[in-house]
Amino acid sequence: DGPVSRAERVHKFLRERASKLAFVPWPLAEPRETPVMLAKEAFQAVEKDKGRARLYPLEVAVVAASLLRAVDVSALVAELPDPGAEKTPLDPSGYLGYYVVAVYEAEPGQGTPRLFDPYGARSLPADAKAQVLSDKQVVGALLSLRALYQLAHRADPKAALTQSSEALSL
């Protein structure tokens, strides 16, 4: 029962939650009307059948990585700028990002990770170009999404600048 088989089970669980409409895909063309959620809040959304939560791919990847870490798998979030075979961009906005989960058979960073897409359920090739992120970089990405929310939906450039400055400082 290695890390990849555990990751497959967590991936299956999250895809089952999606089939129960706990979360649904949405256009990702602009920041949503609610602030970005942390893992606990996003997991609570994933638990609700027919909740139709409009989660960011980053939130779903963070939930997956958190669940895997709870079962002793050193999962990492990875940004997937271009999976190659897609006809349309995964992030049409160009600023929300598209994120997946990276799981290594051995220690994190050793070898090529197996990538899982719990948000979109894409089958990713072994040579998919993903940038594996450190936990600090994930926090930076979350802060960047919060900054976008502050600017787009709160019309608060000062708060947005503070959030984005915090993200850059990481």
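## Leucine 90

With a relative accessibility of 9%, L90 counts as buried, because the cut-off for that label is under 20%. Keep in mind that this is a predicted model. As for where to look, L90 sits in the loop between β1 and β2.

## How confident is the prediction?

Across the protein chain, the average pLDDT is 91. A score of at least 70 is reached by 99% of the residues.

Which helix has the highest confidence, and which part has the lowest? The top spot goes to helix α3, residues 57-70, with a mean of 97. At the other end is helix α5, residues 157-169, where the mean is 85.

## Two helices side by side

Helix α3 packs against helix α4, which covers residues 135-153. A packed pair like this is described by the angle between the axes and the distance between them. For α3 and α4, the angle is about 150° and the axes are 11 Å apart. Their crossing is left-handed.

So who does the touching? On the α3 side, the contact is made by L58, V62 and R69. On the α4 side, the residues are D135, V138, A141, L142 and L145. Sorted by class, this contact has 6 nonpolar and 2 charged residues, with no polar ones.

## Aromatic pairs

How many aromatic pairs turn up in a search of the whole structure? There are 2. Pairs like these are described by how far apart the ring centres are and by the angle of the planes.

One of them joins W26 and Y56, with 5.5 Å from centre to centre and 55° between the planes, which makes it a tilted pair. W26 is in the loop between α1 (3-19) and α2 (39-46), while Y56 is in the loop between α2 and α3. The two are 30 residues apart, so this pair links distant parts of the chain. W26 and Y56 are both buried.

Then there's Y98 with Y119: the ring centres are 5.9 Å apart and the planes meet at 80°, so this pair is edge-to-face. Y98 belongs to the loop between β1 (76-82) and β2 (99-103), and Y119 to the loop between β3 (114-116) and β4 (129-132). That's why the pair ties together parts that are 21 residues apart in sequence. Are Y98 and Y119 buried or exposed? Both Y98 and Y119 are buried.

Note on methods:
Residues numbered from 1 in each chain as written. Predicted model: local features only at pLDDT ≥ 70, side-chain atom pairs only at ≥ 80, totals over all residues. Heavy atoms only, no water. pLDDT = per-residue confidence, 0-100. Helix = DSSP H or I, 4+ residues; strand = E, 2+ residues; numbered from the N terminus. Axes fitted to C-alpha atoms, helices over the stretch in contact; angles between N-to-C directions. Left-handed = near helix turned anticlockwise from the far one by under 90°. Contact = heavy atoms within 4.5 Å. Nonpolar A, V, L, I, M, F, W, Y, C, P; charged D, E, K, R; others polar. Phe/Tyr/Trp six-rings, centres within 6.5 Å; stacked < 30°, edge-to-face > 60°. Buried < 20%, exposed > 50% of the residue type's maximum accessible area, 1.4 Å probe, protein only.
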